[in-house]
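Please read them with the sequence and the coordinates open.

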Amino acid sequence: MTVLPLSTRYEVNSVVERLAADSEFFDPQDAKDLIRLIPIQRARWFGGGLGWSSTGNSSSGVAAGVGDVSVDDGKSKGYIGTDEGGHRIGGYRILHTPGLVEVSLMWSETSEKDGQVFQVHYNQLTKQPEHMDISYQATLSLGPLLFSLRRWRRWKTPDPSAKPTSHPGDQA
């Protein structure tokens, strides 16, 4: 993985924040900047994770004159292992493979919330952004086992009113 200069990391973080903002459209120039700034990595054929969690220690009983009592240390234990990759910038993990830039909150694997990960799809030849998708979780629980599958839905399209601009690193 290439180490990005601090100024590039700041620029990428700002671009990601603008792309993630609430709107039905995104600025195509922001997507082009993200595509240009994050180096391409080899595409993964398979990705996944493994996790478990359990509650901490607790005790319960009956105390004279008080009744039922319980003590819980409030701690929980767990592990979540994922197929990592990409660059860690701000609170995001960004993976750029040909035709796709995936941006996820670093803690997205610890949460079942939807919308923790988005993808920018682009034409590999022209580097023009086409659309953005956002993730949602499909979860199946079988006793103590929990199976979670990330699914995608169309989220945003390029802003039709955006004025085309070029950057020295853009390709036509």
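1. A term needed below comes first: a crossing of two helices is called left-handed if the near helix is turned anticlockwise from the far one by less than a right angle, and right-handed if it is turned clockwise. Helices (H or I, at least four residues) and strands (E, at least two) are DSSP runs, numbered from the N terminus.

2. The model is predicted, so that local features need pLDDT of at least 70 and side-chain atom pairs count only at pLDDT 80 or more, while totals for chains, interfaces and linings use all residues. Residues are numbered from 1 along each chain as its sequence is written, and side-chain values use heavy atoms, with hydrogens and water left out.

3. The chain holds 2 helices and 11 strands, and their order from the N terminus is α-β-α-β-β-β-β-β-β-β-β-β-β. Of its 172 residues, 30% are buried, where buried means under 20% relative accessible area with a 1.4 Å probe, protein chains only.

4. Helix 1 passes helix 2 in a left-handed crossing. The contact (heavy atoms within 4.5 Å) involves, among others, Val-12, Val-15 and Leu-19 of helix 1 and Ala-31, Leu-34 and Leu-37 of helix 2. The two axes, which are lines fitted to C-alpha atoms over the stretch in contact, come within 9 Å and cross at roughly 145°, the angle running from 0 to 180 degrees between N-to-C directions.

5. Beyond its neighbours within four places in sequence, Leu-19 is in contact with residues including Phe-26, Leu-34, Phe-118, Val-120, Met-132 and Trp-155.

6. Strand 9 runs antiparallel to strand 10 (residues 129-142), to which 5 bridges join it; strands count as paired if DSSP finds at least two bridges between them. Phe-118 stands opposite Ile-134 in strand 10, and the hairpin of these strands has 6 residues between them, with Lys-127 in the turn at a positive phi of about 65°.

7. Strand 10 also pairs with strand 11 (residues 145-158), again in the antiparallel sense, over 11 bridges. Here Tyr-136 stands opposite Arg-151, and Gly-143 takes a positive phi near 60° in a hairpin with 2 residues between the strands.

How values were computed. Buried means under 20% relative accessible area, exposed over 50%, partly exposed in between (1.4 Å probe, protein chains only).
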